[in-house]
Amino acid sequence: MTTPPQSLTAAEASAQSLASGAAGPALLHIELAMTGTGGWATAHEHIRQVTAGPVDAAAHTGLFYGAPTVAFLLHTAGADGKPRYRQAAATLDRHILHLTRQRVADANERIDHGENTRFSEYDLLYGLTGIGALLLRHLPGSDTLADLLHYLVRLTGPHPADERLPGWWVAHDPDPLLPTPGGHANLGMAHGAAGLLALLALATRSGVLVDGQREAIDRLLAWFDTWRQDGPEGPWWPQWLTRDELRTGRAAQPGPGRPSWCYGTPGIARALQLAAIATGDQLRQRAAEDALAGSISAPRLQLITEPGLCHGAAGLYQTISRAAHDAANPTLRRQLPALADRLAQHSSSAHGDGLLTGSAGLTLALETARNRQPPRSGWDACLLIS
């Protein structure tokens, strides 16, 4: 049952959070059941905790909250071809298609009026990129996904009111504690250009194409080429860029940040690798894989101090593991055992049981390391690395 947000209790709303709520542990127990490490009775009980109350299907929902989260969860439970929750997932899909059509229409109208976008419009966590990841996985032939991809093609172009800015320029800060007066252009996977590139690349790789999609990929690749920085351990990219940096053509960030999925080189380079594979560019693929290898050099690994998926050891391992599976040479695969050992050192240090920063995400990455193969359930599609 779907319902407006004001009808939900705090506990019901929290349960539908893929980032920090009960949906993360449910995703974990689905994967454990599929690998034989756990049982389906436990997985079903965790799914019931997410779906026991009404489902929020309002306009603010996205892949990491509300109806899209619940749909992703139920579809994942049937990723092995078994008809689990199929009818409930189909019901949610109809709501999500309706929601997406309205959100795409609103976003296109915003572009037509020359206004700035916001993370909540386009990003992976709560915006149309995340919903696009869900549709690509489960409704790849829908006209709604095609409309969404057309919108992303527009978003990768110049800002409608200022051609010096990219279309995904936002006027707000990336974080309340990290002000960017005048706005910024985000480069990361969670909220920025890497997420846009990854979705367009994955769609291309799956044969889902709209007019202008290849040109949009090329524009994003050119953006990352322009802002690539070179260091002793290899290339890296700034987390975001301000007006002054765009004006001068020089990044103010003094050196590479932590090698995280959400903002760091691993997430960006994985998006670049996916784009290279989708477009058949072997030279660019090799360069992306070299960047991934450099991101896990000893000095950069020292910057990882947290266990979680978002900006910790789990996200780093999962991203490198997926990249290694696709890599043209064995360098990344050879580095996985050492990364797995490092990940295991964090096995008791997670705070909370959520997906992005808690134990659910950490345990899922540990399960990938234990099995030495991609997840059976494909749960990491929510990270846009697969």
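**The interior**

Tutor: The structure holds zero disulfides, a disulfide being a pair of cysteine sulfur atoms within 2.5 Å. The model is predicted, so local features need pLDDT of at least 70 and side-chain atom pairs count only at pLDDT 80 or more, while totals for chains, interfaces and linings use all residues. Residues are numbered from 1 along each chain as its sequence is written, and side-chain values use heavy atoms, with hydrogens and water left out.

Cys310 is buried, at 14% relative accessibility, and Cys382 is buried with a relative accessible area of 0% (buried means under 20% relative accessible area, exposed over 50%, and partly exposed in between, with a 1.4 Å probe and protein chains only).

Cys310 leads on to the nonpolar packing, as it is one of the contacts of Trp261. In the largest nonpolar core, which has 124 residues, Trp261 is with Trp223 and Phe224 among the three that touch the most other members. Such a core is a set of buried Ala, Val, Leu, Ile, Met, Phe, Trp, Tyr and Cys residues joined through side-chain atoms within 4.5 Å. Helix α9 (residues 193–205) gives the most to this core, ten residues; helices (H or I, at least four residues) are DSSP runs numbered from the N terminus. Beyond its neighbours within four places in sequence, Trp261 is in contact (heavy atoms within 4.5 Å) with residues including Leu124, Met189, Leu309, Thr319 and Ile385.

On a 1 Å grid over the protein atoms alone, a cavity is a set of points where a 1.4 Å probe fits but cannot get out, and a pocket is an open set with protein on both sides within 12 Å along at least five of seven lines; lining residues have an atom within 4 Å of a point.

The largest pocket holds about 520 Å³ of space. Its lining has 25 residues, and Pro174, Asp175, His191, Cys262 and Tyr263 lie nearest its centre. The second largest pocket holds about 250 Å³ and is lined by 13 residues, with Tyr317, Leu336, Ala369, Arg372 and Gln373 nearest its centre. Helices α15 (313–326), α16 (331–344) and α17 (359–371) each supply at least two residues of that lining.

Two cavities of 30 Å³ or more are found in the whole structure. The largest cavity, of about 50 Å³, is lined by Ile304, Ala313, Leu316, Tyr317, Leu339, Arg342 and Leu343. Here α15 and α16 are the elements that give two or more residues.

Methods
Points joined across faces, edges and corners; volume = space filled by probe spheres on them.
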